[in-house]
Amino acid sequence: MRHPLHPALVHFPIACWSLATAADLASPVWGEPAWRLAGVLLVAGIGFSIPAMLAGFLELTKVAEDNPAIKDVNRHMMMVMSALTCYVVSLFLRLHGTELIEPGLLAIGLSVLGFLCLGVAGWLGGKLVYGHRLGVSPPSA
């Protein structure tokens, strides 16, 4: 495949997690429909993140250890893993068995922290593509 798969897959977890955080923040006003939606979106985002992260890891194997971008690659990966951790813990805090329950402040706080980590990861991902030119084909002559 000439085009990296990772950039095509990241939109799904980003959208789910961002909307989950928005629904969490809306839940004090909108109540149960908002926090239930947030829980479902967390599950979907976690599920979609797995193939996106696997594709990202595959792209990582193509980056040489002496590449100047490697520090930003590792930072990007750590921020994504931090976001995933925040969202997974937030999901577990709102589960009672297999039932979703209203999230507490800690679950909502972890959702917001996950969103912040996701934002930093996205900025670093942009830096990798637009600054370091990773995954970009050289211009044809």
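## Helix packing and cores in a predicted helical chain

Within the protein chain, 75% of the contacts with a separation of 6 or more join residues 24 or more positions apart, contact here meaning heavy atoms within 4.5 Å. The model is a predicted one, so local features need pLDDT of at least 70 and side-chain atom pairs count only at pLDDT 80 or more, while totals for chains, interfaces and linings use all residues. Residues are numbered from 1 along each chain as its sequence is written, and side-chain values use heavy atoms, with hydrogens and water left out.

As for the overall layout, the protein chain has five helices and two strands. Both kinds of element are DSSP runs numbered from the N terminus (helices: H or I, at least four residues; strands: E, at least two). Going along the sequence, the order is α-α-α-α-β-β-α. The C-alpha trace spans about 55 × 25 × 25 Å along its principal axes. Of the 141 residues in the chain, 36% are buried; buried stands for under 20% relative accessible area, exposed for over 50%, and partly exposed for anything in between (1.4 Å probe, protein chains only).

Helix α3 (residues 32-60) packs against α4 at an angle of about 155°, and the two axes are 10 Å apart. Axes are lines fitted to C-alpha atoms, for helices over the stretch in contact, and the angles run from 0 to 180 degrees between N-to-C directions. The angle makes α3 roughly antiparallel to α4; on this scale, under 35 degrees is roughly parallel, over 145 roughly antiparallel, 65 to 115 roughly perpendicular and the rest oblique. The crossing of α3 past α4 is left-handed, a label used if the near helix is turned anticlockwise from the far one by less than a right angle, with clockwise giving right-handed. On the α3 side, the contact is made by Gly-39, Leu-42, Val-43, Ile-46, Ser-49, Met-53 and Leu-60. Facing them from α4 are Ile-70, Val-73, Met-77, Val-80, Leu-84, Tyr-87, Val-88, Ser-90 and Leu-91. By class, the residues of this α3 and α4 contact come out as 13 nonpolar, three polar and no charged. In this scheme Ala, Val, Leu, Ile, Met, Phe, Trp, Tyr, Cys and Pro are nonpolar, Asp, Glu, Lys and Arg are charged, and the others, Gly among them, are polar.

Helix α4 (residues 70-93) also packs against helix α5 (residues 105-131), at an angle of about 160° and with axes 8 Å apart. That makes α4 roughly antiparallel to α5. Here too there is a left-handed crossing, with α4 passing α5. The residues of the contact of α4 with α5 split into 19 nonpolar, six polar and three charged.

Then there are the cores. A nonpolar core is a set of buried Ala, Val, Leu, Ile, Met, Phe, Trp, Tyr and Cys residues joined through side-chain atoms within 4.5 Å. In the largest one, with 13 residues, Trp-17, Leu-42 and Leu-91 touch the most other members. The elements giving two or more residues to this core are α2, α3, α4 and α5, and α3 gives the most, with four residues. A second, separate core has six residues, among them Leu-60, Ile-70, Val-73 and Leu-128. In soluble globular proteins, nonpolar side chains tend to be buried together.

A few residues are worth a look one by one. Leaving out residues up to four places away in sequence, Trp-17 touches Leu-41, Leu-42, Gly-45, Ile-46, Ser-49, Leu-84, Tyr-87 and Leu-118. Leu-118 sits in helix α5 and is buried, at 11% relative accessibility.

Ile-14 belongs to helix α2 and is partly exposed, with a relative accessible area of 36%. Between Ile-14 and Gly-45 lie 31 residues of sequence separation, but 7.2 Å in space, C-alpha to C-alpha. Ser-27 is also in helix α2 (residues 11-30), and is buried at a relative accessible area of 9%. Beyond its neighbours within four places in sequence, Ser-27 is in contact with Ala-34, Trp-35 and Ile-108.

Finally, Arg-133 lies in the segment after α5. Its phi is near 65°, a positive value in a residue other than glycine. Arg-133 counts as partly exposed, at 47% relative accessibility.
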